[in-house]
Amino acid sequence: MGNLRTKELSKIGYTNDRARSLVINTISKHFKHHTKEQLLTLLAAVKATPEQYLSDEVLGKIAATFIDHEEVCHHQEFALLEQTGRLKIYGAKEIEHGAKKQMELAMSLPVTVQGALMPDAHTGYGLPIGGVLATANAVVPYAVGVDIGCRMALSIFDEGESFIKRFGYQMKMALKEWTHFGMEGGLEVAQEHAVLDDPAFQSTEMLRKLQAKAARQLGSSGSGNHFVEFGMITLAEGNSLGLPAKEYVALLSHSGSRGLGANVAMHYTKIAMDTCKLPREAQQLAWLDMNSEAGQEYWLSMQLAGDYAKACHDRIHINLAKALGMERLATIENHHNFAWEDTLADGRKVIVHRKGATPAHKGELGIIPGSMTTAAYLVSGKGEEQALYSASHGAGRAMSRKRARESMTVSALKKMLAAANVTLIGGSVEENPLAYKDIESVIGAQEELVAMEGRFLPRIVRMHKE
């Protein structure tokens, strides 16, 4: 464990002696194996949103020190609405009660115009994962999420099944060499991308400070459900890519904006919660007015984090194609933790937040993954207005990480992988296929939202080893 000094704690806002001594005791007992960086990120999150951690048996006491001494600052108080906006739920039977309750709470915000819940929805912080929220001239940092610009990218190559049979070993080696997973670190070879020269990095003090870290982490992925995998995709007849309907080798990646997005999310969530006071149960849904300085700063920082997440995928796909001498025929990509300016059917201008939802305007291509052994789908949107032009972002979790850990052994996971003809590099039982809803029924619940253009099956999967 990296030893934390009081100076470092003060820097992230731990100025109270009681909080600092609690932190030092808690860390030495419960977080021996965390790096200094991980600890600082976690402690910053506790300070930014203490309400979330109050019930945590380990971090609850630390969180409580921030609740007692609420800083007095310029803020406005808002009440929730009795009459809520329009909410449409897809695949409601498979969605847990908690996620629906969270979405109903979001619908009662005075800035909410319309909402939709996707069939992969499950409980999250603030907005549920799978929640889509349209607001009037306001952006809700926690309705975008901590991993800003978390996204999918799919490259289709001019190779068939025989390529994996012949070069499976080289593909595994390339994945080991050209991907990096986990909270910290990056690729061994310095990566270049135009995004690092984006003038937005110079626009706020926080972004300036994060630029060097962004350069270090470029081309890497986070932990949890992020992955980079090779597999086979079967394209449908008459697909929008104009490619022959047959099987192709494809590369699929899922990750976000690394430390850059997480820092932006925590910083502006705190500002939102300090300036926009809501009843306690809704406090995580605090918003920033788009006309305010903080709202404009968040919007610019969010766009940069999204561009950076795209740059990470760009590097992964370029590096792997080059390492294996493969030629790309097409690349399809989409964000699923982001906010966009959009126009509703009645002409109203809104901000559409998609937290774990895929944009699906008419003809818009997107990717909806399943799990490490199940199908991912290449889809095109049907532009359904009631769904706020959205679709699900995956299969969605059916069990928490803790329950997934307790209900699956390593040997049982190995059997599942073998039965599906999948090689796993890294990974953990927390991400086992049974921890997810059935992708086929999730896709079935959104036939009015998207059309299927291709079906991808994973073969060689690389994930973070927990």
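Biologist: Which residue takes a positive phi in the hairpin of β12 and β13?

Modeller: The residue is Gly347, with a phi near 90°, in a hairpin that has 5 residues between the strands. Please note that this is a predicted model.

Biologist: What makes β12 and β13 a pair?

Modeller: Two strands pair if DSSP finds at least two bridges between them. β12 and β13 have 7 bridges, in the antiparallel sense, and therefore meet that criterion. Within β13, Ile351 stands opposite Glu341.

Biologist: How do you know that β4 and β13 pair as well?

Modeller: The same criterion of at least two bridges applies. Strand β4 (residues 129-135) is joined to β13 over 5 bridges, again in the antiparallel sense, and Ile351 in β13 is the bridge partner of Thr135.

Biologist: Why is strand β13 called largely enclosed?

Modeller: A residue is buried when its relative accessible area is under 20%. Of the 7 residues of β13 (residues 349-355), 6 are buried, so the rest of the structure largely encloses this strand.

Biologist: What makes Glu385 count as buried or exposed?

Modeller: Its relative accessible area is 19%. Because the cut-off for buried is under 20%, Glu385 is classed as buried. Glu385 lies in the loop between β16 (376-381) and β17 (390-392). Apart from neighbours within four places in sequence, Glu385 contacts Arg86, Gln114, Leu344 and Ala345.

Biologist: Why are α9 and α11 called roughly parallel?

Modeller: Their axes come within 12 Å and cross at roughly 10°. Angles under 35 degrees count as roughly parallel, and the two helices are therefore described in that way. In their contact, Leu207, Ala214 and Gln217 of α9 meet Leu300, Ser301, Leu304, Tyr308 and Cys312 of α11. By class, this contact has 6 nonpolar, 2 polar and no charged residues.

Biologist: What makes a set of residues a nonpolar core, and which residues have the most contacts inside the largest one?

Modeller: The residues must be buried, belong to the listed nonpolar types and be joined through side-chain atoms within 4.5 Å. The largest such core has 53 residues, and those with the most contacts inside it are Leu109, Ile148, Leu278, Trp287, Tyr298 and Met302. Elements giving two or more residues to this core include α6 (97-107), β3 (112-122), α9 (205-217) and β12 (337-343). The most comes from α11, with 9 residues. A second, separate core has 25 residues, among them Ile233, Ala250, Ala330 and Val429.

Biologist: What does Trp287 touch?

Modeller: Residues up to four places away in sequence are not counted; the residues touched by Trp287 include Phe78, Leu109, Val139, Ala272 and Leu278.

Terms used: Residues are numbered from 1 along each chain as its sequence is written. This is a predicted model: local features need pLDDT of at least 70, side-chain atom pairs count only at pLDDT 80 or more; totals for chains, interfaces and linings use all residues. Side-chain values use heavy atoms; hydrogens and water are left out. Buried means under 20% relative accessible area, exposed over 50%, partly exposed in between (1.4 Å probe, protein chains only). Helices (H or I, at least four residues) and strands (E, at least two) are DSSP runs, numbered from the N terminus. Contact means heavy atoms within 4.5 Å. Axes are lines fitted to C-alpha atoms, for helices over the stretch in contact, and angles run from 0 to 180 degrees between N-to-C directions. Angles under 35 degrees count as roughly parallel, over 145 as roughly antiparallel, 65 to 115 as roughly perpendicular and the rest as oblique. Ala, Val, Leu, Ile, Met, Phe, Trp, Tyr, Cys and Pro count as nonpolar, Asp, Glu, Lys and Arg as charged, and the others, Gly among them, as polar.
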